[in-house]
Amino acid sequence: MLKRLAAGALVCLMLSAVATAAEGEWKSLMDGKSFEGWKISENPDSWKIEDGAFVAKGDRSHLFYVGEDKPFKNFEFKAKVKTNENSNGGIYFHTKFQDTGWPKYGFEAQVNNTHKDPKKTGGIYSVKDVMNNSPAKDGEWFDYYIKVDGKHIVTKINGKVAADYTEPDDAQPGKDFTRVLDKGTFALQAHDPGSTVWFKDIQVRRLDD
């Protein structure tokens, strides 16, 4: 009897370890050669692929990740990003595809080093902003990290915390932009014709099953 219990416990531990490993794996969301797994909203000419990176330049458009049916709730996300001078962009999470307009659902992690908008790179737009001084520089690749775990959001630029936000229990969706934690997918932003932003090495790791 004791042997059977011990064997059963060992099997449970092994299965738990396998599940944890599967949850903890980083997955690439792009192949660097095509838009496979992604869907462009309005103005598809605002996007191209160059040297393994998605390049956003042109009229407003958003590139949504549609490569998985299962939405992302708790996760770690990382990408390399580069901007030209006076460029604006963004990385959305907990969002969903829409044909036109600025994404209503989820949050935008800001990309903006020197654009006139005072809300800078690393901020959670209009929720936990980084004001006036960007932690990144134009013309240089920088590491962008986003973590959502329960009610907690953290962004890091080049390994340093930029925004740390815990959502209040009584948070309610906004009318024009929800900006409340839920679940969804990711999207990249082409903001305007004067902005050029590169995104590459996009990866995600789920923190829940």
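Modeller: Let's start with Glu68, which has a relative accessible area of 24% and is partly exposed. Buried means under 20% relative accessible area, exposed means over 50%, and partly exposed is anything in between, using a 1.4 Å probe and protein chains only.

Biologist: Before going on, what am I looking at?

Modeller: A predicted model, where local features need pLDDT of at least 70 and side-chain atom pairs count only at pLDDT 80 or more, while totals for chains, interfaces and linings use all residues. Residues are numbered from 1 along each chain as its sequence is written, and side-chain values use heavy atoms, with hydrogens and water left out.

Biologist: OK, salt bridges. How many does a search of the whole structure find?

Modeller: The general idea first: side chains of opposite charge can pair when their charged atoms come close. The working cut-off is a side-chain nitrogen of Lys or Arg within 4 Å of a carboxyl oxygen of Asp or Glu. Searching the whole structure on that basis turns up eight salt bridges.

Biologist: What does Lys80 do?

Modeller: Lys80 makes a salt bridge with Asp143, the closest N and O atoms lying 2.7 Å apart. That links distant parts of the chain, with Lys80 in strand β6 and Asp143 in strand β11 (residues 142-149), 63 residues apart. Lys80 is partly exposed at 29%, and Asp143 is partly exposed at 35%.

Biologist: Let's do pockets. What volume does the largest pocket have?

Modeller: Rolling a probe the size of a water molecule over the atoms shows where empty space is left. In practice, on a 1 Å grid over the protein atoms alone, a pocket is an open set of points with protein on both sides within 12 Å along at least five of seven lines, unlike a cavity, where a 1.4 Å probe fits but cannot get out; lining residues have an atom within 4 Å of a point. Points are joined across faces, edges and corners, and a volume is the space filled by probe spheres set on them. The largest pocket holds about 280 Å³. Its lining has 19 residues, with Thr95, Lys96, Lys183, Gly184 and Thr185 nearest the centre.

Biologist: Is Thr95 buried or exposed?

Modeller: Buried, at 2% relative accessible area. Thr95 lies in strand β7 (residues 88-95). Beyond its neighbours within four places in sequence, Thr95 is in contact (heavy atoms within 4.5 Å) with residues including Phe64, Tyr105, Gly184 and Ala187. Thr95 and Ala187 are 92 residues apart in sequence, yet 7.3 Å apart C-alpha to C-alpha.

Biologist: Which residues lie nearest the centre of the second largest pocket?

Modeller: Tyr92, Glu108, Tyr125, Arg179 and Gln189, out of a lining of 15 residues. The elements giving two or more residues to that lining are β7 and β8 (107-112), and β8 gives the most, with three. The volume of the second largest pocket is about 190 Å³.

Biologist: Last one, backbone angles. What is the phi of Arg179?

Modeller: Most residues other than glycine have a negative phi, and most peptide bonds are trans. Arg179 has a positive phi, near 50°. Arg179 is in the loop between β13 (160-166) and β14 (185-190) and is partly exposed at 26%. Ser126 is another non-glycine with a positive phi, about 60°, found in the loop between β9 (119-124) and β10 (128-131). Ser126 is partly exposed at 36%.

Terms used:
Helix = DSSP H or I, 4+ residues; strand = E, 2+ residues; numbered from the N terminus.
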